[in-house]
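Thanks for asking me to look this one over.

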Amino acid sequence: MIKELLEAGAKIGRKASPPETMDPVATAKLDCLRDRGFVMFDHLVGTSEFARIQADLKKRIEGEMKFEFPCLAQSRIDHLQHADLIEKSFRVPAQELARRGLTFERSDINSYQDLVERFKPSTLKLLLPDNHDYFSLWLDPLVLSVIEGYMGFQPVLREAYVRRNFPCSYKVMNHNWHRDTNHQHHLLKAFIFFNDCYVDTGAHRYIAGSVDSPLFRDKIYYSDEEIEAIFPDGSDDHIISEVPAGTIILEDTRGLHKAGIPQRHYRDLGFAVFVPPMLFRDDSEYFAISKSVHARLMPEQQAYVGRSNITG
């Protein structure tokens with residue numbers, strides 16, 4: 001009985017508008033997403049609105065250091081002592097990393113520059129429950145219309161955060177080619193680029209048309225060599241996201257993809273994950289939004305946020 005309720009809950013949602021009622025831009029985007037598994041949006045590129053958000057993000061990361069702790073310190077990784085973790089791409093609980101002395105806390109750092117120089121983090125993760133501007137990006141009306149057209153119903157926002165990725169010596173989880181498994185049948189992820197992205201600053205990669213491909217399904221991670229033997233770098237289906245700041249990429253991440261590792265500078269990337277509504281699910285650990293920010297959203301945006309995500 002419970003299983004039947006959960007399966008039914010996965011399909012609950014407001015029925016999406018038929019594609020023929022969508023505007024021409026959204027229809028073209030939807031066609032691309034259905035055909036290739038990904039689509040790009042550039043309507044925020046170069047806007048003053050986005051420049052304001054970029055400035056706020058820089059202040060939050062470098063000035064206020066409001067990202068999540070503990071963080072993995074690549075400077076503390078020993079090739080021999082931590083060979084087992086390296087082999088797993090550090091896909092272990094955070095408590096295990098802390099137990100083995102590979103993390104640092106807010107109390108360990110004096111400044112942002114101190115953090116970068118001494119601990120050499122691969123990733124900093126930032127949640128933004130108190131800022132309307134970020135949720136206006138994650139719940140962009142044009143993007144939402146394409147999401148609903150693709151899924152056929154209104155999903156929910158499952159995760160929402162920003163990551164800053166740095167150059168690093170050791171791959172950590174999503175630095176490897178993989179498929180997301182948040183939901184077996186319905187899954188979309190929006191990537192928002194907060195700075196100009198090139199190959200050497202960590203361009204995201206995706207294999208177009210790989211959602212339903214039977215290839216590469218027998219393990220969690222795949223090497224560059226394995227993927228490029230079938231989808232060579234530079235081929236039509238091997239998509240490298242060299243894009244300007246303000247670009248949003250919508251992907252069905254059940255397809256093969258990976259995070260690029262910057263060779264210089266860093267990459268600031270926003271993430272929003274959309275999945276079907278589920279009965280009896282508490283998503284509060286994945287993101288939070290304050291009551292005041294939620295109240296400022298449009299009703300159609302509010303419908304994407306579960307009650308468990310709204311905080312005082």
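1. Asp237 is partly exposed, with a relative accessible area of 28%; partly exposed here means the range between buried (under 20% relative accessible area) and exposed (over 50%), using a 1.4 Å probe and protein chains only. Its partner in a salt bridge is Arg36, with the closest N and O atoms 2.8 Å apart. Arg36 sits in helix H2 (residues 24-36) and Asp237 in the loop between helix H9 (224-230) and strand S8 (238-240), so the pair ties together parts that are 201 residues apart in sequence. Arg36 is partly exposed as well, at 24%.

2. A word on what you are looking at: this is a predicted model, in which local features need pLDDT of at least 70 and side-chain atom pairs count only at pLDDT 80 or more, while totals for chains, interfaces and linings use all residues. Residues are numbered from 1 along each chain as its sequence is written, and side-chain values use heavy atoms, with hydrogens and water left out. Helices (H or I, at least four residues) and strands (E, at least two) are DSSP runs numbered from the N terminus.

3. How many salt bridges are there by this rule? The count comes to 20, taking a salt bridge as a side-chain nitrogen of Lys or Arg within 4 Å of a carboxyl oxygen of Asp or Glu. Side chains of opposite charge can pair when their charged atoms come close.

4. Arg100 is worth a look. Its side chain meets that of Asp84 in a salt bridge of 2.7 Å, N to O. Asp84 belongs to helix H4 (residues 83-87) and Arg100 to the loop between H5 and strand S3 (103-104), so this pair ties together parts that are 16 residues apart in sequence. Arg100 also forms a salt bridge with Glu96, with the closest N and O atoms 3.8 Å apart. Relative accessibility is 34% for Asp84, 22% for Arg100 and 22% for Glu96. Elsewhere, salt bridges that share partners join Asp56, Lys59, Arg60, Glu64, Lys66 and Asp130 into one network.

5. Now for a charged residue without such a partner. Glu251, in strand S9 (residues 248-251), is buried yet has no salt bridge. The nearest side chain of opposite charge, Lys189, is 7.6 Å away; Lys and Arg count as positive and Asp and Glu as negative, with His and the chain ends not counted. Glu251 does have a polar contact of 2.9 Å with the side chain of His204 (a pair of N or O atoms within 3.5 Å; within protein, one must be able to donate a hydrogen and the other to accept it, and residues adjacent in sequence count only if both atoms are side-chain atoms). Leaving aside residues up to four places away in sequence, Glu251 touches several others, including Phe38, Leu187, Tyr206 and His257, where contact means heavy atoms within 4.5 Å.

6. The largest pocket has a volume of about 1600 Å³. Its lining is made up of 50 residues, of which Lys125, Tyr161, Arg163, Met173 and Asn174 lie nearest the centre. The largest share of that lining, five residues, comes from S5. On a 1 Å grid over the protein atoms alone, a pocket is an open set of points where a 1.4 Å probe fits, with protein on both sides within 12 Å along at least five of seven lines; lining residues have an atom within 4 Å of a point.

7. Helix H8 (residues 141-151) is mostly covered, with eight of its eleven residues buried; among them are Leu144, Ile147 and Glu148. Asp140 caps the N-terminal end of H8, placing a side-chain oxygen 3.0 Å from the backbone nitrogen of Leu142. Just after H8, Gly152 takes a positive phi of about 90 degrees.

8. Some backbone details to check by eye. Met65 has a positive phi of about 50 degrees although it is not a glycine; it lies in the loop between H3 and S2 and is buried at 8% relative accessibility. Pro70 is found in that loop too, and the peptide bond from Phe69 to Pro70 is cis, with omega near 0 degrees. Ser89, in the loop between H4 and H5, has a positive phi of about 55 degrees and is buried at 7%.

Conventions:
Grid points are joined across faces, edges and corners, and a volume is the space filled by probe spheres set on the points.
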